[in-house]
Amino acid sequence: MKTNNNIIIVTLYDGYEYDSKLRTGFGFSCLVKIGGKSLLFDTGSESQTLLYNMQQLKIKPEEVEIVVLSHSHGDHTGGLRGFLNANGHKAKVYEPGVFKKPTEIGTNVYSTGALGRFLKEQALAVKSLRGLIVITGCAHPGVVNIVKKAQEIEKIIYIVLGGFHLGDGRAVIKEFKALGVQKVAPCHCTGDLAIGQFREEYKDNFIANGVGKIIEI
Ligand SMILES: [Zn+2]
Ligand SMILES: [Zn+2]
């Protein structure tokens, strides 16, 4: 049964393939649908792939009301201009450094606020009935630090999703478990080694992420 609390997260741009009718690319972008509103988190390295994938999934660029950019690297921001042209420049864009602390940007949607000393990076936190969904770009300030920051919004962490930027992931998996992270959906820059480790440790609570993956909560 679908309710107003229904949250849909669609991976639109990633190096990993989930849906073979979509194109992969270096970078990350995902769409969050909540309460009838659409928000885009990051834009991939270029807009052609992003817009192609949106079209394949019947997602209209002009429906997106908010764009949140995690950090200033080109594989997250490169698609912005082309996306905004397709969007008719209607969406409000939140740049990486705009929030100093966790800030609500829409109903049940938060920016964690910027982390990182030199390279500012924000993550997205979405409140669901099962707990918080934390969406990261590259997690350069450390994915554990991001999760801890998100816990200032809500303690229960249901899913952590996105690029975790890891080599060996074992220490992070230990910390995730200590913090109570229930499910993981790593992709983008997480690294094959760490993704394999998450898959092994999280078992049924590991979500294979890639372009075209749709998560409904
Ligand atoms: Zn990246
Ligand atoms: Zn990056």
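Q: What makes Ser47, Thr49, Leu50, Leu51, Asn53 and Met54 the buried residues of helix α1 (residues 47–56)?
A: A residue is buried if 20 or more other C-beta atoms, placed from the backbone, lie within 10 Å of its own. Those six names are the residues of α1 that are buried, so each one meets that cut-off. This is a predicted model, where local features need pLDDT of at least 70. Residues are numbered from 1 along each chain as its sequence is written.

Q: What covers the buried residues of α1?
A: The cover includes β1 (7–13), β2 (29–34) and α3 (80–87). Contact here means C-beta atoms within 7 Å.

Q: How do you know that β1 and β2 pair?
A: Two strands pair if DSSP finds at least two bridges between them. β1 and β2 have 6 bridges, in the antiparallel sense, so they pass. One example is Thr11, whose bridge partner in β2 is Cys30.

Q: Why are β5 (92–94) and β12 (214–216) called edge strands?
A: The open sheet has 6 strands in the order β5-β4-β3-β2-β1-β12, with mixed pairing. Both β5 and β12 pair on one side only.

How values were computed:
Chains are lettered from A and ligands numbered from 1 in the order in which they are written. This is a predicted model: local features need pLDDT of at least 70, side-chain atom pairs count only at pLDDT 80 or more; totals for chains, interfaces and linings use all residues. A residue is buried if 20 or more other C-beta atoms lie within 10 Å of its own, exposed if 12 or fewer, and partly exposed in between; C-beta atoms are placed from the backbone. Helices (H or I, at least four residues) and strands (E, at least two) are DSSP runs, numbered from the N terminus. Two residues are in contact if their C-beta atoms, placed from the backbone, lie within 7 Å.
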